[in-house]
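Here is a short note to read with the model open. The points below go from the contacts to the space around them.

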Amino acid sequence: MPDLTALTERYRRATGTEPDGLWFAPGRVNLIGEHTDYNDGFVLPFALDRKAVIAAGRRDDSALVMVSLELDDEVTMDLADLAPGSGGWAAYLAGVVWALRQAGHQVGGTTIVMSSDVPLGAGLSSSAAIECAAVAALTDLYSLDIPKMDRAKLARVAENAYVGAPTGLLDQAASTLCEADAGLFLDCRTLEAQQVPLPMAEQGFEILVLDTKTPHSHVDGEYGARRASCEEAAAVLGVPALRDVTDLDDALGQLADETHRKRVRHVVTENQRVLEAFELAKAGNLAALAPLLDASHVSMRDDYEITVPTVDLAVETARSAGALGARMTGGGFGGCIIALTRAGEADRIGQEVAAAFAAAGYGAPEWFSATPAPGAGRLDPTGA
Ligand code: GLA
């Protein structure tokens with residue numbers, strides 16, 4: 001949890017007044033369903049107990065004052081000057097104000113001080129956490145009546161149209177809609193969302209989240225290139241999105257381009273894995289998720305080609321050290337892996353990965369054991 005006292009003090013320093021409140025939104029891990037969201041497919045994330053927290057209050061003028069506690073930086077913009085691409089680090093906050101105003105919501109001058117303990121660029125949705133915390137704050141501050149799924153969609157508009165990262169809805173939906181001790185099954189076409197209990201501890205399991213510390217970004221080209229390949233392949237196949245491919249062999253037979261064939265194979269099989277994982281989780285059979293995690297990783301490595309050597313070594317080592325299943329999580333090209341382990345084994349497995357990294361000459365990874373946590377909301381000042 002970020003330091004709430006420091007956050008509130010920084011707000012006082014910026015405005016000379018108390019904040020109107022504190023709001024938070026969490027980072028997430030995706031249990032399964034990678035690069036399926038923008039193909040109108042299925043995802044199954046859960047929220048982390050790592051969050052962005054915002055102290056915010058309304059202003060009498062038309063200024064948007066944004067402060068980052070970690071960066072010790074303050075950016076002030078006039079509401080009239082908000083425009084995609086502006087704001088630097090503050091674009092995640094400015095983008096939300098812009099998206100709300102574009103959608104016709106009355107948002108006036110606001111001071112926002114933020115702090116986050118979601119690791120940056122690790123594939124744990126640090127940016128969605130900031131965006132979704134800002135949406136939570138602004139909807140309360142300006143008494144906006146916006147259903148949760150629409151809040152997630154507005155946060156995504158900030159990410160896509162303002163920050164300029166062509167991502168799907170996975171991160172913002174997870175950060176906004178997740179509930180404690182549950183995964184969120186989301187159909188990214190119909191936006192049907194269902195909570196599914198993930199009683200890891202009760203069933204004697206743990207989820208290890210290990211950050212390889214290989215940074216990644218969604219604003220660079222690889223993410224967009226994967227997305228473009230999927231759209232091209234869908235066009236060749238004559239379907240609105242790869243979600244609509246029902247016969248994989250038939251589809252592969254129609255695609256001449258080997259890259260298209262690989263991308264389609266990943267998306268179609270990954271969607272099937274999410275549906276299977278959802279059924280297994282609903283049936284309370286968490287152990288059976290393990291082979292799906294392994295298969296998802298192989299598919300991301302060989303067909304979607306979004307893993308990197310540190311990530312592959314982390315997954316292989318976790319598996320050989322006793323993890324039941326493991327996969328990269330998030331957009332790829334670095335970031336985190338998750339591993340399903342028996343209770344009490346996550347830390348030892350993390351240490352074995354750290355030893356393998358040291359032996360390979362890689363930097364030290366960081367890890368923690370994750371418990372599914374609640375999505376965005378208001379914090380009471382004690383942080384409860
Ligand atoms: C990033 C994006 C998501 C999703 C994942 C891959 O996290 O923000 O929309 O595409 O990558 O599953």
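1. A polar contact is a pair of N or O atoms within 3.5 Å. Keep that cut-off in mind for the distances that follow. The model is a predicted one.

2. How far is a polar side-chain atom of Glu 34 from an oxygen atom of the ligand? The distance is 2.7 Å, so the pair meets the cut-off of 3.5 Å for a polar contact. For Tyr 223, an N or O atom of the side chain is 2.5 Å from an oxygen atom of the ligand. Gly 168 takes part through its backbone instead: a backbone N or O atom lies 2.8 Å from a ligand oxygen.

3. The ligand taken alone exposes 300 Å², and the protein buries 99% of that area.

4. Which residues are closest to the ligand? There are 13 residues around it, and the closest are Glu 34, His 35, Asp 37, Asp 171 and Tyr 223. By class, this shell holds three nonpolar, six polar and four charged residues.

5. Next, the empty space. Rolling a probe the size of a water molecule over the atoms shows where such space is left. The count here is one cavity of 30 Å³ or more. The largest cavity holds about 110 Å³ of space. Its lining is made of 13 residues, and those closest to its centre are Asp 37, Leu 170, Asp 171, Tyr 223 and Gly 331. The lining divides into three nonpolar, six polar and four charged residues.

6. Where does the ligand sit? The ligand sits in the largest cavity.

7. Why does the ligand lie between the two domains? Domain 1 (4-196 + 373-379) and domain 2 (199-370) both give residues to the shell around the ligand, so the ligand lies between them.

Technical notes: Residues numbered from 1 in each chain as written. Predicted model: local features only at pLDDT ≥ 70, side-chain atom pairs only at ≥ 80, totals over all residues. Heavy atoms only, no water. Near = heavy atom within 4 Å. Polar contact = N/O pair within 3.5 Å; in protein donor to acceptor, adjacent residues only side chain to side chain. Areas by Shrake-Rupley, 256 points an atom, 1.4 Å probe, with all protein chains shown as cover. 1 Å grid on protein atoms, 1.4 Å probe; cavity = no way out; pocket = protein on both sides within 12 Å on 5 of 7 lines; lining within 4 Å. Sits in = over half its atoms within 2 Å of the grid points. Nonpolar A, V, L, I, M, F, W, Y, C, P; charged D, E, K, R; others polar. Domains from an automatic or database assignment. Points joined across faces, edges and corners; volume = space filled by probe spheres on them.
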